[in-house]
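This report covers a metal site and the sheet beside it in the text. Please look at the sequence and the model first.

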Amino acid sequence: MPGICIVGAQWGDEGKGKVVDLLAEQADAIVRFQGGNNAGHTIIRDGEVFKFHLIPSGILYPGKRCIIGNGVVVDPGVLTDELDALKARGIDTSGLRISANAHVIMPYHLLLDTAGEAKLGKLQIGTTRRGIGPCYADKAARLGIRMQDLLDERILKKKITAAIDPKRLSLRPYDKDPSLDLQSMTEAYLTYGHRLERHIADTARIVWDALDADKLVLYEGAQGALLDIDHGTYPFVTSSNPIAGAACVGAGVGPKDIHEVWGIAKAYVTRVGSGPFPTELDDEVGEEIRTRGGEFGTTTGRARRTGWLDIPALRYASRINGLTSLAITKLDVLSGFQKIKVCMSYSGPDGAEFENFPYHQSVLHHARGEYVELDGWTEDITECRSPSDLPTAARDYLQFIAEKTGVPVMLVGVGPGRDQIVWMRDVPELAAAA
Ligand code: GDP
Ligand code: IMO
Ligand code: MG
């Protein structure tokens with residue numbers, strides 16, 4: 001079982017970091033394959049909190065290969081800060097490798113992200129303003145700067161020159177004199193290149209070697225299925241593909257090198273930023289979930305929107321990812337609710353009912369959840385460690401999710417700590433199988 005892909009099955013922040021950290025113990029290589037520092041993955045170990053934006057969530061294990069794949073967009077300033085912060089905490093970062101083909105977020109990408117949102121006004125996407133979209137746009141336009149370019153002054157200067165002119169034009173309405181000085185930008189990015197040089201490598205080859213030696217490789221997704229640029233709630237999405245298929249492209253492996261796909265979903269739903277959210281709770285129940293769950297963004301600190309679990313959306317995420325298992329996180333947050341609602345279908349403004357996730361934007365924007373009500377539980381479950389420790393109503397809830405999605409629940413989160421989990425099936429011995 002050498003390749004397991006961990007993906008978000010909702011709108012991000014499902015607890016991917018924690019699950020990757022759990023499985024990483026048995027892995028040889030952990031690869032981020034898309035997104036950038038719009039991601040914020042939290043790991044809590046013995047009360048110590050780590051928040052990763054670019055570095056894969058396996059870095060806390062010394063000696064593992066932690067790979068930033070070619071599909072990721074890298075802000076080298078953020079990456080060097082993240083490396084420094086880890087080193088200051090005594091973490092060995094020598095195992096980090098960055099694909100030479102990964103694209104680089106430049107200062108003009110950040111300016112364009114902010115300008116783009118300003119231009120959209122009320123219709124803004126609510127991006128993290130980290131320059132993610134403009135960087136992927138340059139990649140597609142073949143105007144991108146890649147990590148390998150940071151190692152060659154002549155090439156870097158040429159590429160920045162080619163990329164920068166159209167940016168000046170686009171930015172002019174927002175900023176009369178955007179600070180886009182070629183010389184200082186080249187110098188700053190060469191310094192990053194110098195600093196990161198020993199980590200830059202042919203990462204697809206490293207992953208291939210690990211797979212060839214039958215070692216366990218984890219593909220760590222960022223964001224979530226409903227933020228996917230092709231399959232998500234476009235245009236309120238991110239600019240990459242957070243679904244499992246993208247791990248092939250973004251890590252440089254073939255489809256046969258992914259053997260399992262684990263979808264991570266909260267026991268309810270959250271979303272940061274704008275866009276449709278059929279089960280959103282705009283009331284005190286939503287507020288209570290936000291408070292209890294500490295639902296504030298890891299990257300931007302924004303309050304996350306909250307809502308009940310959405311089965312059609314989860315079924316959809318399962319389908320487009322080919323999920324083989326589910327990990328349901330934050331079940332502890334629902335303790336104390338007398339009744340738990342679960343969305344089973346949607347109703348449209350004209351009374352139409354939809355059992356499946358609507359593909360049409362106008363339908364989705366007006367869709368409202370239709371619910372069944374399940375019994376809640378009052379017990380604190382944060383100390384539960386096996387399925388039999390869980391209250392019957394909590395077990396029934398998990399069983400309900402597995403039945404309605406057709407995907408078995410492998411793992412349940414009952415608190416933020418590393419040990420606060422319940423394996424619902426036999427703990428897989430991944431390393432032995434690898
Ligand atoms: P990611 O982006 O998918 O890695 O998720 P984030 O780290 O952005 O957000 C998940 C948040 O939930 C973090 O603060 C985690 O510490 C926390 N968390 C993860 N699993 C659980 C759980 O089972 N229960 C509780 N209460 N918190 C959890
Ligand atoms: P992790 O990996 C939650 C959201 C933003 C915005 C939209 C587009 O921690 O789950 P972008 O900056 O990517 O152009 O913003 O996507 N978004 C996330 N929401 N978790 C994330 O990452 C996200 N990364 C981006 O809020 O709505
Ligand atoms: Mg997050």
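Two strands count as paired if DSSP finds at least two bridges between them. The model is predicted.

Two of the pairings can be followed residue by residue. E2 and E5 (residues 65-68) run parallel and are joined by 4 bridges. Here Arg-32 stands opposite Ile-68 in E5. E5 and E7 (residues 96-99) also run parallel, with 3 bridges. Ile-68 has Ile-98 as its bridge partner in E7.

Now the metal. Which residues coordinate the magnesium ion (ligand 3)? They are Asp-13, through OD, and Gly-40, through O, at 2.0 to 2.2 Å. The pair links distant parts of the chain, 27 residues apart. Asp-13 lies in the loop between strand E1 (3-8) and helix H1 (16-24). Gly-40 lies in the loop between strand E2 (29-32) and strand E3 (41-45).

Are these two residues buried or partly exposed?

| Residue | Relative accessible area | Class |
|---|---|---|
| Asp-13 | 22% | partly exposed |
| Gly-40 | 9% | buried |

Gly-40 counts as buried because its 9% is under the 20% cut-off.

Technical notes
Residues numbered from 1 in each chain as written. Chains lettered and ligands numbered in written order. Predicted model: local features only at pLDDT ≥ 70, side-chain atom pairs only at ≥ 80, totals over all residues. Heavy atoms only, no water. Donors = N, O, S within 2.8 Å, 3.2 Å for Na, K, Ca; no water. Helix = DSSP H or I, 4+ residues; strand = E, 2+ residues; numbered from the N terminus. Buried < 20%, exposed > 50% of the residue type's maximum accessible area, 1.4 Å probe, protein only.
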